[in-house]
Amino acid sequence: MSFNIQNDQNEDSIMSEINMTPMVDVMLVLLIIFIITLPVIQQAVKVELPKASSARNEVKPESVQVSIDAKGQIYWNSTPVSLKTYNENADKASQENPQPEINLRADKSVQYDYVAKVLAASKRAGLTKLGFITEPD
């Protein structure tokens with residue numbers, strides 16, 4: 001008994017490749033249909049619509065400049081204040097709507113303790129917009 005296999009792919013064998021040609025044909029037909037029907041869909045009755053303003057009138061919050069010099073003196077918008085006065089000003093600022101942005105400028109030689117006290121007072125007051133201002137190199 002001898003087996004003679006000459007043709008690997010018989011007519012009864014399963015195809016291992018997917019024929020993409022019918023799918024591409026269908027996609028091209030759909031593309032042509034969309035191109036033809038899109039201008040028809042966009043045509044509508046011309047109506048002059050009234051104009052209304054529904055955009056929120058956003059008020060930009062003010063900016064407060066807080067500075068700490070090399071000796072630890074705190075300044076609220078260029079006015080020297082004590083830590084107690086800073087606490088009072090921070091409490092008032094946190095009640096405003098919208099809250100002002102606090103821009104903190106600290107001298108590079110100031111002790112970290114002074115900066116930490118200002119940050120803690122700002123947090124206690126409920127100020128959420130606090131930024132550090134530095135000079136570029």
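Ser 78 counts as exposed, at 67% relative accessibility. In these terms a residue is buried under 20% relative accessible area, exposed over 50% and partly exposed in between, with a 1.4 Å probe and protein chains only. Ser 78 has a positive phi of about 70°, although it is not a glycine. Its place is in the loop between S2 and S3. Asn 77 lies in the loop between S2 and strand S3 (79–81) as well. Asn 77 also has a positive phi, of about 50°, and is not a glycine. With a relative accessible area of 35%, Asn 77 is partly exposed.

The model is predicted: local features need pLDDT of at least 70 and side-chain atom pairs count only at pLDDT 80 or more, while totals for chains, interfaces and linings use all residues. Residues are numbered from 1 along each chain as its sequence is written, and side-chain values use heavy atoms, with hydrogens and water left out.

The chain has three helices and five strands. Helices (H or I, at least four residues) and strands (E, at least two) are DSSP runs, numbered from the N terminus. From that end, the elements run α-β-β-β-α-β-α-β. Of the 137 residues of the chain, 18% count as buried. Contact means heavy atoms within 4.5 Å. Among contacts in the chain with a separation of 6 or more, 65% are between residues 24 or more positions apart.

Which residues have the most contacts inside the largest nonpolar core? They are Val 66, Ile 68, Ile 74, Trp 76, Tyr 86, Ile 102 and Val 118, in a core of 17 residues. Such a core is a set of buried Ala, Val, Leu, Ile, Met, Phe, Trp, Tyr and Cys residues joined through side-chain atoms within 4.5 Å. At least two residues of this core come from each of strand S1 (63–68), S2, H2, strand S4 (101–106) and helix H3 (112–125). H3 supplies the largest share, four residues. In soluble globular proteins, nonpolar side chains tend to be buried together. Val 118 touches several parts of the chain: leaving aside its neighbours within four places in sequence, Val 118 is in contact with Val 66, Ile 68, Ile 74, Tyr 86 and Leu 104.

A search of the whole structure finds one aromatic pair. The ring centres of Trp 76 and Tyr 86 are 5.4 Å apart and the planes stand at 65°, so the pair is edge-to-face. Rings of Phe, Tyr and Trp (its six-membered ring) pair if their centres lie within 6.5 Å; planes under 30 degrees apart count as stacked, over 60 as edge-to-face and the rest as tilted. Trp 76 belongs to strand S2 (residues 74–76) and Tyr 86 to helix H2 (residues 83–95), 10 residues apart. Trp 76 is buried at a relative accessible area of 13%, and Tyr 86 is buried at 0%.

A cis peptide bond joins Asn 97 and Pro 98, with omega about 0°. Pro 98 lies in the loop between H2 and S4.

The lining of the largest pocket draws its largest share, three residues, from S4. By class, this lining has eight nonpolar, three polar and four charged residues. Here Ala, Val, Leu, Ile, Met, Phe, Trp, Tyr, Cys and Pro count as nonpolar, Asp, Glu, Lys and Arg as charged, and the others, Gly among them, as polar.
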